[in-house]
Amino acid sequence: MSDLGYRPCAGIIIMNADGLIFVGQRIDSIAEAWQLPQGGIDDGKDAEAAALRELGEETGIAPNHVTLIAQAPGEFYYDLPDELIGKVWKGKWRGQRQRWFLYRFNGSDTDVNIATEHQEFRAWRWATPAEVIDLAVPFKRKLYEDVFAALAPHLPNQLA
């Protein structure tokens with residue numbers, strides 16, 4: 001499957017006033033699969049626009065409830081486990097290449113509504129970066145470590 005490419009994707013970290021990060025539990029997995037909001041970047045579209053689209057599609061948070069803090073430099077990659085290659089994303093990709101954005105959440109918890117039209121999360125919570133990494137599926141943990149490291153100057157020191 002090494003001839004398969006990487007799906008272009010945007011990821012979004014939403015940090016509340018307490019410095020905690022939004023993380024959602026995937027609805028399509030029986031495993032404890034928690035992740036940060038993320039989604040594909042359509043051809044010819046801007047990565048930040050895709051991130052804000054995913055914000056609404058996955059969390060129900062309106063763009064006026066967030067403020068951009070930083071964009072992680074470069075792209076981050078992860079590979080799917082062998083048993084998932086060819087089964088997700090219509091077998092078109094071997095993993096994802098992602099651009100990441102850190103936003104301050106200016107709303108309240110009542111502004112979060114994961115019961116969206118195409119619901120992706122069954123539950124959500126606020127967590128420290130370390131908790132987000134621990135909750136993630138194993139094949140995404142290194143990616144999350146790298147993203148949090150890249151954005152560490154913008155995260156509260158005690159949580160980075």
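**Fold, burial and selected residues**

Trainee: What share of the 160 residues in the protein chain is buried?
Mentor: This is a predicted model, in which local features need pLDDT of at least 70 and side-chain atom pairs count only at pLDDT 80 or more, while totals for chains, interfaces and linings use all residues. Residues are numbered from 1 along each chain as its sequence is written, and side-chain values use heavy atoms, with hydrogens and water left out. Buried means under 20% relative accessible area, exposed over 50%, and partly exposed in between, with a 1.4 Å probe and protein chains only. By that rule, the buried share of the 160 residues is 45%.

Trainee: What radius of gyration does the protein chain have?
Mentor: The radius is taken over C-alpha atoms, and the globule rule is 2.2 Å times the number of residues to the power 0.38. The C-alpha atoms fill a box of roughly 45 × 35 × 35 Å along the principal axes. For 160 residues, a compact globule would have a radius near 15 Å, and the protein chain agrees with this, at 15 Å.

Trainee: Among contacts between residues at least 6 apart in sequence, what percentage joins residues at least 24 apart?
Mentor: Contact means heavy atoms within 4.5 Å. Of the contacts in the protein chain that span at least 6 places in sequence, the share joining residues at least 24 apart is 74%.

Trainee: Which residues of helix 3 are exposed on the other side from its buried residues?
Mentor: In helix 3 (residues 138-150), the buried residues are Lys140, Leu143, Tyr144, Val147 and Phe148. They lie on the same side of helix 3 because they cover an arc of only 130° around the axis, the arc being that of the directions from the helix axis to the C-beta atoms. On the other side, the exposed residues are Pro138, Lys142 and Ala149.

Trainee: Is Ala51 buried or exposed?
Mentor: Ala51 belongs to helix 1 (residues 47-59). Leaving aside neighbours within four places in sequence, Ala51 is in contact with Ala10, Gly11, Ile12 and Phe101. Its relative accessibility is 0%, so Ala51 counts as buried.

Trainee: How far apart in space are Arg99 and Gln38, C-alpha to C-alpha?
Mentor: Arg99 is found in strand 7 and, at 24% relative accessibility, counts as partly exposed. Beyond neighbours within four places in sequence, its contacts include Cys9, Ala47 and Glu75. Arg99 and Gln38 are 61 residues apart in sequence, and their C-alpha separation is 9.5 Å.

Trainee: Which distance separates the C-alpha atoms of His118 and Glu57?
Mentor: His118 lies in the loop between strand 7 (93-105) and strand 8 (121-127). With 60% relative accessibility, His118 counts as exposed. His118 and Glu57 are 61 residues apart along the chain, yet their C-alpha atoms are separated by 7.1 Å.

Trainee: How far apart in space are Thr110 and Glu145, C-alpha to C-alpha?
Mentor: Thr110 is placed in the loop between strand 7 and strand 8. Its relative accessibility is 71%, so Thr110 counts as exposed. Thr110 and Glu145 are 35 residues apart in sequence, and their C-alpha separation is 29 Å.

Conventions
Helix = DSSP H or I, 4+ residues; strand = E, 2+ residues; numbered from the N terminus.
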